[in-house]
Structure formats: structure tokens, C-alpha cells
Amino acid sequence: MRVARAAIVALTASLLTGCVTTPPPPQAFHAALNQEYRLDAGDRLRVTVFEQDSLSAIYAVDKAGYLSLPLIGSVPARGKTPEEVRVAVASALRNGYLRDPDVSVQVEQYRPFFVMGEVTTGGQYSYVPGMTVQNAVAIAGGFSPRAEKRTADITRQVNGKVITGRVVLSDPVLPGDTITVRERLF
């Protein structure tokens, strides 16, 4: 009798270890949602220099994190806000090219996000502001038959560190996020 009870307890404990929940993501993970947008490779910016049509265009942040503009060359953009890039471009233009440049910088297209795991068509997709995990899964063709449909893992870069957190489907997605839909256990 004791051996049977011990076997049942051991079996139950081993089954429950597979049901351990993942701890919530660190506070910095969700704090990133309230911070100003930081640029990175893959972002496309509309730079407008008032009354300077030859300088006004759409520029991409290259893989090294720079914008390449005529006259002034490379401007650092990775990790900066569009406003910080605007100030840097205006300052560079003021340094020997234009007396008082009027510059604006706007995000034309955000860098893509990625979906992988138990979805119909994983891959890279264009980001749309206000997107949730559920929207991202829908864009990737929906869940596969084996998908865990209540939560997903998001990997994002926060303050220079890569953080992964398990979130519900209504959580927001940011540009550059990687969403992983896990396989359900049962």
C-alpha cells in the first residue's frame, strides 16, 4: 500500500513538473511599451529639409545603425529617437552647408517583426502601430493545429539587452520583436 502511494505521488509530481508556469517577464519588458520609439536597422525615415528638395527623401537605417545623407554623410541613428536624429541632421547641415536648416524626421516604415513556431506561415512581416500578438499570429496565417493558443513568447531588445517574456495574446508587439508560438503539451 505504501509503495503504491509513493508511486502515485512520484508519478503526480513528475507530471506536474511539466505544468510549471513561466514567471512573468521582467518589469523592463513592459516598460519598453511606454518609452519613446528608438530607431534601429531596418527603419525607414522621411527626412525633410525645408526648401531643400535635393536633401529631402526617405532614408533607411543601415545594418550598422547609420543614415547616409548627401553632403553630411553618415548620421548615427541606432538607439536614438527620431527627434534626436533630427537635431543631429540639423546640426551637421548647420556646420558649413546651411545657415539655419529647418529639418523634420518621421518614421516612414518601421522595421519588421518576426513570427515563428506553431503558426501556418512563420517569417518576417511589416509592423503596423497598435499591433497585438493576436494580430501578428493572424498575419502569419493563424495557429497550427498543435499551437498553444493562450500565450506566446516575445523576444525584444530593451535598453541594449535581449529579454524574452511570456505574454497573453492581447499584449502589444513592437518593431523588431520575435514572437514564438509554442507547441501545446496536451
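## A tour of the cores and rings

Start by selecting F113, V115, V133, A136, V173 and I179: of the 22 residues in the largest nonpolar core, these touch the most other members. A nonpolar core here is a set of buried Ala, Val, Leu, Ile, Met, Phe, Trp, Tyr and Cys residues joined through side-chain atoms within 4.5 Å. Buried means under 20% relative accessible area, exposed over 50%, and partly exposed in between (1.4 Å probe, protein chains only).

Before you go on: this is a predicted model, where local features need pLDDT of at least 70, side-chain atom pairs count only at pLDDT 80 or more, and totals for chains, interfaces and linings use all residues. Residues are numbered from 1 along each chain as its sequence is written, and side-chain values use heavy atoms, with hydrogens and water left out.

Now click on A136. Skipping neighbours within four places in sequence, A136 is in contact (heavy atoms within 4.5 Å) with F113, V115, M131, V173 and I179. Next, pick V61, L67, A77 and L98, which are among the 19 residues of a second, separate core.

Time for the rings. There are three aromatic pairs, counting rings of Phe, Tyr and Trp (its six-membered ring) with centres within 6.5 Å; planes under 30 degrees apart are stacked, over 60 edge-to-face and the rest tilted. Select Y37 and Y110: their planes sit at 85 degrees and their centres 5.0 Å apart, so this pair is edge-to-face. Which residues do ring pairs link into a cluster? Y37, Y110 and Y127. Finally, compare surfaces: Y110 is partly exposed at 25%, while Y127 is buried at 13%.
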